[in-house]
Amino acid sequence: MTDHTGIDPRAPRFAAWITSGLLLIAVLLGLLDTDPYPYDAAFWLTLAIAALFLWGVLSPTTSPWSVLYRRVVRPRLAAPQELEDPRPPRFAQGVGLTVVGVGLLLHLGGVPLGLVVATSAAFIAAFLNAAFGFCLGCQMYLLLQRLVAVPRATSRR
């Protein structure tokens, strides 16, 4: 299931704009909610965001933002000057899923502001990608690739 075909680098940034908007709404809902009941609007929106992250990990080409970009946005743009490796953005989706997943678990565990802190962290990462093209999850992927590629020192006897 590894696809090394290049992708339009503008597609992940497009998705990051939508995701950062949804995450900002989740943060605000979490801050404004005074009801201690765990199944509030912030919880449900974050659960939906987590599902979208999971979709982006399992099937990035069929995820809603990918389809929307390919069908509506991409036809109106010039061809990209270069293509991007899809593995770092896919890994970044997994990082986003992990962060909001931890927030959901903290929220269900009754940790005050756990969901708000997690969705805020995910928002910052998504916004950095959307606004500046700096993908934290992609950078993590590249760093991990470098660490794995470093030859292990052999022990001397």
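Mentor: Start with G109, which sits in the loop between α4 and α5. Keep in mind that this is a predicted model.

Trainee: What makes G109 count as exposed or buried?

Mentor: Its relative accessibility is 60%. Exposed means over 50%, so G109 counts as exposed.

Trainee: How do you know whether H107 is buried or exposed?

Mentor: H107 lies in helix α4. Its relative accessible area is 16%. The cut-off for buried is under 20%, so H107 is buried.

Trainee: What does H107 touch, beyond residues up to four places away in sequence?

Mentor: Y37, P38, D40, F43 and L115.

Trainee: Which residues lie nearest the centre of the second largest pocket?

Mentor: D35, D40, H107, V111 and L113, out of 16 lining residues. Elements giving two or more residues to that lining are α1 (10-32), α4 (87-108) and α5 (114-132). α5 gives the most, with 3 residues.

Trainee: How much space lies in the second largest pocket, and how does its lining divide?

Mentor: About 260 Å³ of space lies in it. The lining divides into 9 nonpolar, 4 polar and 3 charged residues.

Trainee: Now the overall fold. How many helices and strands are there?

Mentor: The secondary structure comes to 6 helices and 0 strands. From the N terminus on, the order is α-α-α-α-α-α. The C-alpha atoms fill a box of roughly 60 × 55 × 30 Å along the principal axes. Of the 157 residues, 29% are buried.

Trainee: What share of the contacts joins residues at least 24 apart in sequence?

Mentor: It is 76%, counted among contacts between residues at least 6 apart.

Trainee: Which residues have the most contacts inside the largest nonpolar core?

Mentor: L23, I49, V100 and L104, in a core of 13 residues. Two or more residues each come from α1, α2 (41-58), α4 and α5. The largest share, 6 residues, comes from α2. In general, nonpolar side chains tend to be buried together in soluble globular proteins.

Trainee: What is L23 in contact with, leaving aside neighbours within four places in sequence?

Mentor: I49, V100, T119, A122, F123 and A126.

Trainee: Let us turn to rings. Why is the pair of F91 and Y141 called tilted?

Mentor: First, the rings do pair: their centres are 5.7 Å apart, and the limit is within 6.5 Å. Then take the angle. Stacked needs planes under 30 degrees apart, edge-to-face needs over 60, and the rest is tilted. The planes here are at 55 degrees, so the pair is tilted.

Trainee: Which parts does that pair tie together?

Mentor: F91 lies in helix α4 and Y141 in helix α6, so the pair ties together parts 50 residues apart in sequence.

Trainee: How do the labels of F91 and Y141 follow from their accessibility?

Mentor: Buried ends at 20% and exposed starts over 50%, with partly exposed in between. F91 has 28%, so F91 is partly exposed. Y141 has 11%, so Y141 counts as buried.

Trainee: How many aromatic pairs does the structure hold?

Mentor: The structure holds 8. W17, F123, F127 and F132 also form one aromatic cluster.

Trainee: One last label. Why is L147 called partly exposed?

Mentor: L147 is in helix α6 (residues 136-149). Its relative accessibility is 47%. Exposed would need over 50%, and buried under 20%. L147 therefore counts as partly exposed.

Methods. Residues numbered from 1 in each chain as written. Predicted model: local features only at pLDDT ≥ 70, side-chain atom pairs only at ≥ 80, totals over all residues. Heavy atoms only, no water. Helix = DSSP H or I, 4+ residues; strand = E, 2+ residues; numbered from the N terminus. Buried < 20%, exposed > 50% of the residue type's maximum accessible area, 1.4 Å probe, protein only. 1 Å grid on protein atoms, 1.4 Å probe; cavity = no way out; pocket = protein on both sides within 12 Å on 5 of 7 lines; lining within 4 Å. Points joined across faces, edges and corners; volume = space filled by probe spheres on them. Nonpolar A, V, L, I, M, F, W, Y, C, P; charged D, E, K, R; others polar. Core = buried A, V, L, I, M, F, W, Y, C linked by side-chain atoms within 4.5 Å. Contact = heavy atoms within 4.5 Å. Phe/Tyr/Trp six-rings, centres within 6.5 Å; stacked < 30°, edge-to-face > 60°.
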